[in-house]
Amino acid sequence: MTTATERDLRLLRDALGPLRDREQVAQRLLEASARHSFDPDKDLDWDAPAEDGKWFWPPELVSLYDTPLWRRMSEEQRMDLARHEAASLASLGIWFEIILMQLLVRHIYDKSVTSSHVRYALTEIADECRHSMMFARMIEKGGAPAYPVPRVYHNLARVLKTVSTTPGSFAATLLGEEILDWMQRLTFPDERIQTLVRGVTRIHVVEEARHVRYAREELRRQMVTAPCWEREFTRISCGQAARVFSVCFVNPQVYTAAGLDRREAVAQVRDSGHRREVMQSGARRLTDFLDDIGVLRGPGRRLWKRSGLLA
């Protein structure tokens, strides 16, 4: 029998239209997972050597691209920086995915273990485990070190994931997924890029599309049903997460590793119009969505602008 509460939830809508049934969304995502999931250990050729003359990351997405410093660098040095930045982004991805797995476990803790919604969350956690191992293996194959986020932000994330509201958790999930996803969609078809990196990014794009759908649908539901205080807290915590994300996106140690003056490199990245456009383009689909559902308001919107991810 359908309860009154369930009937009321089916009638919920936001600026994007009626909310979809949670169980139906999860069932479709489970079917897609059964059709299009990968085992990176088996589906990628980890024994193949690196290819001479190929990049580890598209040059246009390297943080220093089109700066005065970039124009002074040799092609070998540019490619070396791209290799280190690929390792830095993979390290950031692992950090975010570990946080995401904890947030998902918290989300389903009080929910029915037999529901499709919970079953899909567990499927996504399994995906993220494989992604984290895949990224770590890619870092090792590239010969660059892992680049952890600065300790202050590592510890700040402990607080953020502990006090995060449910809508805040899904907003942060989208922040960590959608910008990297935009960059990876440019990477995997690019024949200038190492075959292994293209394979890693393709797997991640295919599987992350489901994760984004799950998070978007749940965030819409939460922003309609959560109490006012929780929505306001979400707007601020999401803005703060955007600021941290933008600061941590590329570890400045990559410039030292590539033989560059770190202070000069950081200053030029900060002043780069190209870099600003890349980051805002990567975030645009997300910020448009968040704006539509009422997340980008008040102090939170100002934090997003300060992050540089919102024009």
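Residues are numbered from 1 along each chain as its sequence is written, and side-chain values use heavy atoms, with hydrogens and water left out. Because the model is predicted, local features need pLDDT of at least 70 and side-chain atom pairs count only at pLDDT 80 or more, whereas totals for chains, interfaces and linings use all residues.

Helix α9 (residues 195-225) packs against helix α13 (residues 273-292) at an angle of about 20°, and their axes lie 11 Å apart. Helix α9 is therefore roughly parallel to α13, a term that covers angles under 35 degrees; helices here are DSSP runs of H or I with at least four residues, and their axes are lines fitted to C-alpha atoms over the stretch in contact, with angles running from 0 to 180 degrees between N-to-C directions. The crossing of α9 and α13 is right-handed, in that the near helix is turned clockwise from the far one by less than a right angle. In this contact (heavy atoms within 4.5 Å), Val 212, Arg 216, Leu 219 and Arg 220 of α9 meet Arg 285, Leu 286, Phe 289 and Leu 290 of α13. These residues comprise 5 nonpolar, no polar and 3 charged, where Asp, Glu, Lys and Arg count as charged, Ala, Val, Leu, Ile, Met, Phe, Trp, Tyr, Cys and Pro as nonpolar, and the others, Gly among them, as polar.

In the second pair, the axes of helix α10 (residues 228-248) and helix α14 (residues 298-307) come within 7 Å and cross at roughly 5°, so that α10 is roughly parallel to α14. The residues of α10 in this contact include Cys 238, Gly 239 and Arg 243, and those of α14 include Pro 299, Leu 303 and Trp 304. By class, the contact of α10 with α14 has 6 nonpolar, 5 polar and 2 charged residues.

The count of disulfides (pairs of cysteine sulfur atoms within 2.5 Å) comes to 0. Cys 238 is in no disulfide, and the nearest cysteine sulfur, in Cys 248, is 15 Å away, which is too far for a bond. Cys 238 is buried (under 20% relative accessible area, with a 1.4 Å probe and protein chains only), its value being 1%, and Cys 248 is also buried, at 6%.

Asp 66, in the loop between α3 (40-43) and α4 (68-72), has a positive phi near 65° although Asp 66 is not a glycine. Most residues other than glycine have a negative phi.

How values were computed
Helices (H or I, at least four residues) and strands (E, at least two) are DSSP runs, numbered from the N terminus. Angles under 35 degrees count as roughly parallel, over 145 as roughly antiparallel, 65 to 115 as roughly perpendicular and the rest as oblique. Buried means under 20% relative accessible area, exposed over 50%, partly exposed in between (1.4 Å probe, protein chains only).
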